[in-house]
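Here is a short briefing to read alongside the model. Please keep the sequence and the 3D view open as you go.

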Amino acid sequence: MRAVRQAAHTALATGSPWVDTAPNYARGRAHEELRPVLREYPTGRVTTKTGFFTEEQGRTAVAEGVLTREAAAEGHSLERGFVRWQTERSLAVLGPVDLVFVHNPEHHGHGLDRAAVHVRAREAFAVLEEFAQAGRIGGYGVATWSGLASGAFSVPELLALARQAAGSSEHHFTGVQMPVSLIMDAPITQALDSGGPLVRARDAGLITFGSAPLHGGELLDAMTPELVNLIRPGLSAAAAALLAAGSCPGLDVVLTSASTREHPRALGRCGQGAGCAPDRPGTQEGDG
């Protein structure tokens with residue numbers, strides 16, 4: 001997140017179809033950094049999120065009567081009023097977006113049990129359903145780190161909550177984002193056995209996003225030459241790790257980030273292989 005504008009420009013210029021962001025990324029500056037790039041590439045598809053916020057954004061929410069000081073201290077909220085306020089602010093900068101993810105509804109800061117997590121998610125869905133029905137967003141979903149893995153919720157449960165929020169089966173829940181990597185590999189092994197959340201999401205017609213394919217860069221130290229050669233000889237460690245994630249059955253979009261200008265080129269070389277599934281919606285610079 002050191003050079004949001006440059007990373008997004010590089011990604012979109014080389015054909016990546018998705019940009020994934022959030023109001024709290026880059027210390028709260030990501031949306032403003034993205035605005036001129038998205039205007040230059042109007043066909044780029046955009047996802048943002050609601051839930052987490054920076055300290056400065058929290059102070060603004062308190063000043064505008066959206067959050068109490070106690071709620072702002074948590075750094076995360078899925079209260080209806082806050083979700084509406086934060087989404088309005090995001091759209092004011094980014095313009096219409098394709099997806100708004102409810103960001104980590106399982107967030108431990110609330111200390112909620114499973115039923116309470118579902119209530120919070122449904123409340124957020126109800127607000128985002130209003131935005132979708134008004135044509136201001138293409139749809140909404142859930143971006144989770146541990147919610148699906150821990151059993152806090154399942155794909156069928158999320159869809160049921162969306163139906164409840166919409167008051168009918170005609171809801172706008174359209175995407176799920178979760179970590180997919182050789183470290184957090186449960187979605188891969190489950191999908192290879194024709195099961196797990198990715199397969200269930202794809203079967204339900206949802207767009208599936210895999211985040212953190214390099215596990216924040218930590219995976220690279222574990223990519224031995226033997227492991228890289230097993231995946232595909234001649235690749236860099238990063239490209240091999242990305243290829244493993246991108247080959248996961250049921251995964252549409254691999255979300256990556258870049259630290260140098262060389263990384264997108266390596267990613268492009270990875271994409272030449274059949275295992276990177278070039279017929280899928282794509283691989284993108286963003287939340288990695």
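Arg 45 is partly exposed, with a relative accessibility of 34%; the label "partly exposed" covers the range between buried (under 20% relative accessible area) and exposed (over 50%), using a 1.4 Å probe and protein chains only. Its partner in a salt bridge is Asp 98. This is a predicted model, in which local features need pLDDT of at least 70 and side-chain atom pairs count only at pLDDT 80 or more, while totals for chains, interfaces and linings use all residues. Residues are numbered from 1 along each chain as its sequence is written, and side-chain values use heavy atoms, leaving out hydrogens and water.

**Salt bridges**

- Side chains of opposite charge can pair when their charged atoms come close.
- Across the whole structure, a search finds 11 salt bridges, each defined as a side-chain nitrogen of Lys or Arg within 4 Å of a carboxyl oxygen of Asp or Glu.
- In the pair of Asp 98 and Arg 45, the closest N and O atoms are 3.6 Å apart.
- That pair links distant parts of the chain, 53 residues apart: Asp 98 sits in the loop between α5 (80-94) and β3 (99-103), and Arg 45 in strand β2 (residues 45-50).
- Helices here are DSSP runs of H or I with at least four residues, strands are runs of E with at least two, and both are numbered from the N terminus.
- Asp 98 is partly exposed, at 26% relative accessible area.
- Arg 80 and Glu 123 form another salt bridge, with 2.7 Å between the closest N and O atoms.
- Because Arg 80 lies in helix α5 and Glu 123 in helix α6, this pair ties together parts 43 residues apart in sequence.
- Both ends are partly exposed: Arg 80 at 34% and Glu 123 at 29%.

- Helix α8 (residues 155-166) has 12 residues and reaches 17 Å from its first C-alpha to its last, close to the expected 16 Å, which is 1.5 Å times one less than the number of residues.
- Its buried residues are Val 155, Leu 158, Leu 159, Leu 161, Ala 162 and Ala 166.
- Seen down the axis, these fall within an arc of 160 degrees, so they line one face of α8; the arc is taken from the directions from the helix axis to the C-beta atoms.
- They pack against several elements, including α6 (114-133), β5 (173-179) and α10 (196-203), where contact means heavy atoms within 4.5 Å.
- Glu 157 forms a salt bridge with Arg 114, the closest N and O atoms being 2.6 Å apart.
- Just after α8, Gly 167 takes a positive phi of about 80 degrees.
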